[in-house]
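I opened a new structure today and kept notes as I went. Here is the thing itself, before my entries.

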Amino acid sequence: MVDLARVQKELHECNRDVQVSGINVTLKGDSLTHLIGTIPGPIGTPYEGGTFKIDITLTDGYPFEPPKMRFATKVWHPNISSQSGAICLDILKDQWSPALTLKTALLSIQALLSAPEPDDPQDAVVAQQYLKDHQTFVGTARYWTETFAKTCAAEEKIQKLVEMGFPEAHVRSTLEATGWDENLALEKLLSS
Amino acid sequence: MQDQEGDVVNVEKETLMSAQASKDDEWTKIRDDDIMQQHSAIQAEEALKIPFVGDKEPLSSLHAEYQLGSPILLQKIKVLSEQCAAIRRTRGDGNCFFRSFMFAYLEHILNSQDQVEVQRVKANIEGCKKTLLCLGYAEFTFEDFFALFIEQLDSVLQGSEDSISHDELLQRSRDPSVSDYVVMFLRFVTSGEIRKRSEFFEPFILGLMNASVKQFCKSSVEPMGEESDHVHITALSDALGVPVRVVYLDRSSCENSSINLNHHDFVPGSGNVGNNGDSESINPFITLLYRPGHYDILYPK
């Protein structure tokens with residue numbers, strides 16, 4: 001049995017200081033065993049500016065068993081599978097302890113984004129690139145952040161303007177032309 | 001025959017894997033799940049062999065175990081059988097020290113009905129809570145484990161409607177929803193004590209591994225299944241103020257070829273009292289048998 005009371009406490013505590021940590025956990029559906037974590041890409045890394053979603057599943061043994069976590073947002077990183085989002089991190093495996101929480105696990109994942117460990121890779125291709133062609137790695141990681149970790153916000157902006165009655169293709173091109181500035185795009189759409 | 005079967009399984013696995021390998025690195029994920037599955041399979045197998053806390057057995061069962069073993073061990077067991085009447089085995093899942101400590105302590109309270117001891121240990125547990133808070137642990141991460149242990153402590157004292165019998169104590173010690181929580185409580189207490197007195201423990205930890213005190217606690221104290229060492233026992237005994245005697249059963253023998261059964265008393269607050277002698281006045285009520293990598297409970301005569 002998942003310790004639901006504990007999960008509830010964790011959600012409450014984690015979301016209380018979301019302003020400070022930038023990390024939050026929400027329910028995916030109406031069950032406390034399937035959650036979505038959100039972490040901001042660390043500043044000064046190719047992940048800066050991105051918002052990364054982590055799919056969290058709690059097994060029956062939680063908090064004695066580690067939470068199952070994987071990236072739902074595609075990310076280019078030596079310790080994260082570029083295909084499946086699987087994460088190679090000791091505390092999600094044998095180094096897990098009930099003394100840890102969903103929030104501390106997400107903080108560890110955020111720290112992993114800052115400090116990759118290419119010698120213990122999850123994604124061999126990315127790790128090779130990280131070691132042998134670092135510049136290309138940084139470029140690819142940044143491109144993936146732009147493309148996958150920011151689209152969420154972009155999609156929301158598109159959705160908002162489409163709901164105002166503008167055709168989607170037009171909204172998209174206008175937003176692109178204004179550098180995704182919502183207000184500028186709206187002005188432009190209204191004046192055209 | 002067995003080998004052949006093994007080969008067939010391997011071939012099947014390989015085909016499976018190469019089929020998956022073409023589909024990106026999906027198989028690395030499967031491999032992780034495989035490991036987890038295998039891990040729980042091993043645990044289930046262990047569980048069939050011995051519960052978290054076993055039944056009380058006469059010491060002769062230990063002798064039987066080494067029938068064909070080293071003569072030194074057999075002689076030591078003979079010495080041990082003069083001092084102890086029985087043994088209670090615990091499961092070798094890395095939590096055996098904590099599980100032995102839990103059962104031996106609660107059983108002692110159940111038998112002695114020592115109210116003063118319960119009040120004393122409760123005060124120390126309050127202190128442990130404060131230690132953890134000072135160290136920055138969020139209260140909700142440990143409060144449930146603490147509350148559950150206090151509940152066990154209260155229920156072994158007779159005379160209230162929540163009081164439990166010896167049989168019930170044994171059942172609870174075998175039930176993961178009590179037993180694992182108490183183990184985790186003890187791990188929290190141990191970790192807090194080590195970190196509170198990190199200067200004292202640092203040299204011992206450096207002797208075990210190249211890690212900081214905090215890293216040691218994160219990797220070798222707080223995760224379930226991490227085995228206990230001198231450092232853990234010293235810290236737990238000090239934090240709760242409960243002396244523990246550990247009797248060592250290993251192949252070491254003395255130079256003058258006389259058989260000597262070593263023991264070590266962990267005595268809170270006094271630094272540890274050394275080997276054999278000196279410590280007669282202390283008389284710890286928890287006695288554990290240590291064999292390399294494992295702890296069981298002993299019952300002195």
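Below are my entries, in the order I looked things up.

**Ground rules.** The model is predicted, so I note that local features need pLDDT of at least 70, side-chain atom pairs count only at pLDDT 80 or more, and totals for chains, interfaces and linings use all residues. Residues are numbered from 1 along each chain as its sequence is written, while chains are lettered from A and ligands numbered from 1 in the order in which they are written.

**Chain A, overall.** I counted eight helices and four strands in chain A; helices (H or I, at least four residues) and strands (E, at least two) are DSSP runs numbered from the N terminus. Starting at the N terminus, the order is α-α-β-β-β-β-α-α-α-α-α-α. Along the principal axes, the C-alpha atoms of chain A fill a box of roughly 60 × 45 × 25 Å. Of the 192 residues in chain A, 36% are buried. My cut-offs: buried means 20 or more other C-beta atoms within 10 Å of the residue's own, exposed means 12 or fewer, partly exposed is in between, and C-beta atoms are placed from the backbone.

UniProt, in an unreviewed entry, puts "active site" on Cys88(A). Its positions use the numbering here, feature names are shortened, and annotations may be inferred rather than shown by experiment. I found Cys88(A) in the loop between strand 4 (68-71) and helix 3 (102-114) of chain A. Is Cys88(A) buried or exposed? Cys88(A) is buried, because 20 other C-beta atoms lie within 10 Å. Leaving out residues up to four places away in sequence, Cys88(A) touches Asn79(A), Asp120(A), Pro121(A) and Gln122(A); a contact means C-beta atoms, placed from the backbone, within 7 Å.

Asp93(B) sits in the loop between strand 2 (84-90) and helix 5 (96-112) of chain B, and with 17 other C-beta atoms within 10 Å it is partly exposed. Cys96(B) belongs to helix 5 of chain B and counts as buried, with 24 C-beta neighbours inside 10 Å. Among the residues that Cys96(B) touches, not counting those up to four places away in sequence, is His294(B).

**Helix 7 of chain B.** I checked the length of this helix, residues 139-156.

**Where the chains meet.** For the classes, Ala, Val, Leu, Ile, Met, Phe, Trp, Tyr, Cys and Pro count as nonpolar, Asp, Glu, Lys and Arg as charged, and the others, Gly among them, as polar.

Definitions and conventions:
Contact = placed C-beta atoms within 7 Å. Expected span 1.5 Å × (residues − 1).
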